[in-house]
Amino acid sequence: MRVAILSSEAVPFAKTGGLGDVAGALPKALRSVGVDSLLVLPLFEQTERKLLRAQVIDNLEVEWPSGTRRASVWLSDAAGAPAFLIDAPEYFARSSVYGFGDDHERFAFFCRAALALLKRLGPTPDIVHLNDWPGGFAATELRVRRALDPFYHRTRTLFSIHNLAYHGSFDPRDLDRLGFNTPERREPFMMEGAASALKAGLMMSDMLSTVSHRYSLEIQTPEFGHGLEWILRARRDRLVGITNGVDYDVWNPETDQYLAAHFNADNLEGKRMCKLDLLRRYNLPEELDRPIIASISRLTGQKGFDLIREAAAQILMTGAFFISLGSGAREYEDFFQALRDHAPRQVGTYRGFNEPLSHQIEAGADIFLMPSQFEPCGLNQMYSLRYGTVPVVRATGGLDDTVEDFDRSRGTGNGFKFGPYSAPAMLEKISEALYCYGEPEVWKQIQLNGMRVDNSWQAAAQKYLELYRTTAQT
Ligand code: ADP
């Protein structure tokens with residue numbers, strides 16, 4: 001089984017969120033179950049050049065409506081599977097991965113370059129595995145092209161939805177310029193007068209998957225479907241949910257390179273050192289018995305910051321520390337800054353993206369708060385489980401699938417879950433968690449229940465292999 005994974009981001013090359021973690025870990029995990037996997041992604045400015053082994057192609061010809069373009073390609077082994085990075089500086093040598101007016105053109109070009117690369121590399125991939133809206137261009141191009149091009153004749157596509165909220169929408173007048181200039185190429189993109197790369201991906205791929213079972217059901221409803229639920233309902237026999245794994249080579253408190261001390265389920269002593277280290281990093285009083293509630297996130301409405309804002313005064317009244325790491329919407333950045341200014345000895349705020357700090361928070365905090373409005377899978381709650389940091393989450397999407405509510409009488413469960421999207425419901429669970437924190441034996445039980453959960457990629461990779469087999473037969 002030969003599988004080419006196309007992604008707009010992948011650890012350790014470039015990351016803005018969960019897709020980066022997943023695309024960085026999956027190719028390696030697939031190799032361990034016998035899949036001949038490779039990864040293709042753009043070469044961004046932020047990619048560390050020391051990760052690259054060699055330039056393997058210096059004249060990749062990419063068909064482009066305005067005339068053939070050339071790109072070069074670099075090879076890296078840093079993700080534990082061959083990764084090919086498309087070097088086209090006019091598109092990718094920029095300060096961030098997304099966020100430009102020509103993003104649709106950038107990723108349309110990436111898709112065309114990736115297809116040209118696969119053909120040049122040979123042999124034919126059985127599966128091209130696409131991810132989120134940037135993959136919509138390749139899904140459409142491949143579907144049309146495989147009828148004409150013997151090389152791609154038997155290639156099938158799997159499209160994975162990591163977040164249905166991002167449509168990759170653009171002005172449909174640009175479709176011609178990007179080479180989607182025939183009715184069969186144009187139509188899949190059209191959505192209420194705009195062009196949506198995501199919609200094209202959902203329409204034109206052979207199989208669809210998303211990153212948790214619960215989310216695969218939710219997105220078939222108007223509440224979570226972002227206007228695309230009708231496609232997902234119509235294609236539900238082709239839609240599968242596979243929960244992401246955790247790359248324990250990267251997220252493991254026994255070996256994590258960023259931590260002040262190491263620990264595991266048999267010995268939690270190091271976690272106290274990590275807590276002290278975290279309090280120091282945030283210039284907070286070194287009061288080790290006071291609980292730390294933490295948040296690491298892109299600052300978007302999806303992640304439930306409205307609830308945190310509404311409940312902020314009550315959260316502070318509990319006496320717990322509150323620590324956040326994130327960047328994004330200005331209103332939430334300003335809110336966290338104001339909260340810190342209001343209570344500088346209780347609140348710590350870091351605005352920006354900081355990989356080491358995200359590990360240090362997972363290790364040093366006591367409670368991880370993730371009250372998402374919707375959550376396709378969510379990774380931080382799973383990292384928290386392994387780091388003995390108890391998640392308090394809203395029961396939606398992958399959060400619902402991966403966190404089990406603590407049951408005092410049976411001693412089961414690894415976190416706290418609330419249902420309604422409301423500040424009082426969230427506060428109730430925070431209070432319950434803090435109450436348990438006050439009883440060290442109970443708390444330790446919850447921590448250990450979480451630390452012993454196995455969310456490794458092994459099981460997920462096996463499920464992907466089965467899904468690839470099904471996809472190949474469509
Ligand atoms: P999403 O993909 O919606 O952003 P996930 O929970 O699936 O949410 O994945 C988020 C990933 O991005 C995690 O690895 C998390 O640690 C990381 N992350 C988010 N914000 C930051 C930040 N400001 N600094 C460092 N890492 C971050």
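**The second largest pocket and its surroundings**

Mentor: The second largest pocket holds about 710 Å³ of space. Keep in mind that this is a predicted model. The lining of this pocket counts 33 residues. Nearest its centre lie Val11, Pro12, Phe13, Tyr258 and Glu355. Sort the lining by class and you get 17 nonpolar, seven polar and nine charged residues.

Which helices each supply at least two residues of that lining? They are H1, residues 18-32, and H13, residues 355-364. H1 gives the largest share, with five residues.

Start with Pro12, one of the residues nearest the pocket centre. Pro12 sits in the loop between strand S1 (2-6) and H1. The peptide bond joining Val11 to Pro12 is cis, and its omega is about 5°. Val11, too, is among the residues nearest the centre.

H13 packs with helix H10, residues 269-281, and the two axes come within 8 Å. What is the crossing angle of H10 and H13? It is roughly 125°. The two helices are therefore oblique to each other. Their crossing is left-handed. On the H10 side, the residues in contact are Lys271, Cys274, Lys275, Asp277, Leu278 and Arg281. On the H13 side they are Leu357, Gln360, Ile361, Glu362, Ala363 and Gly364. By class, this contact has five nonpolar, two polar and five charged residues.

Next, compare some other parts of the chain. Pro123 belongs to the loop between helix H3 (103-121) and strand S6 (127-131). The loop between S6 and H4 holds Asp132. Phi of Asp132 is near 55°, a positive value in a residue that is not glycine.

H4 itself covers residues 136-145 and packs with H6, residues 197-204. Their axes lie 7 Å apart, at an angle of about 40°. That makes H4 oblique to H6. This crossing is left-handed. H4 brings Gly136, Phe137, Ala139, Thr140, Arg143 and Val144 to the contact, and H6 brings Ala197, Ala200, Gly201 and Met204. The classes here are six nonpolar, three polar and one charged.

How many cavities of 30 Å³ or more does the structure hold? There are three. The largest cavity has a volume of about 50 Å³. Strand S13 (292-299), helix H11 (305-317) and strand S16 (367-370) each supply at least two of its lining residues. The lining is made of Ser295, Ile296, Ser297, Lys303, Phe305, Ile308, Phe368, Leu369, Met370 and Pro371. Seven of these residues are nonpolar, two are polar and one is charged.

Back to the pocket you asked about.

Note on methods:
Residues numbered from 1 in each chain as written. Predicted model: local features only at pLDDT ≥ 70, side-chain atom pairs only at ≥ 80, totals over all residues. Heavy atoms only, no water. Axes fitted to C-alpha atoms, helices over the stretch in contact; angles between N-to-C directions. Helix = DSSP H or I, 4+ residues; strand = E, 2+ residues; numbered from the N terminus. Parallel < 35°, antiparallel > 145°, perpendicular 65-115°, else oblique. Left-handed = near helix turned anticlockwise from the far one by under 90°. Contact = heavy atoms within 4.5 Å. Nonpolar A, V, L, I, M, F, W, Y, C, P; charged D, E, K, R; others polar. 1 Å grid on protein atoms, 1.4 Å probe; cavity = no way out; pocket = protein on both sides within 12 Å on 5 of 7 lines; lining within 4 Å. Points joined across faces, edges and corners; volume = space filled by probe spheres on them.
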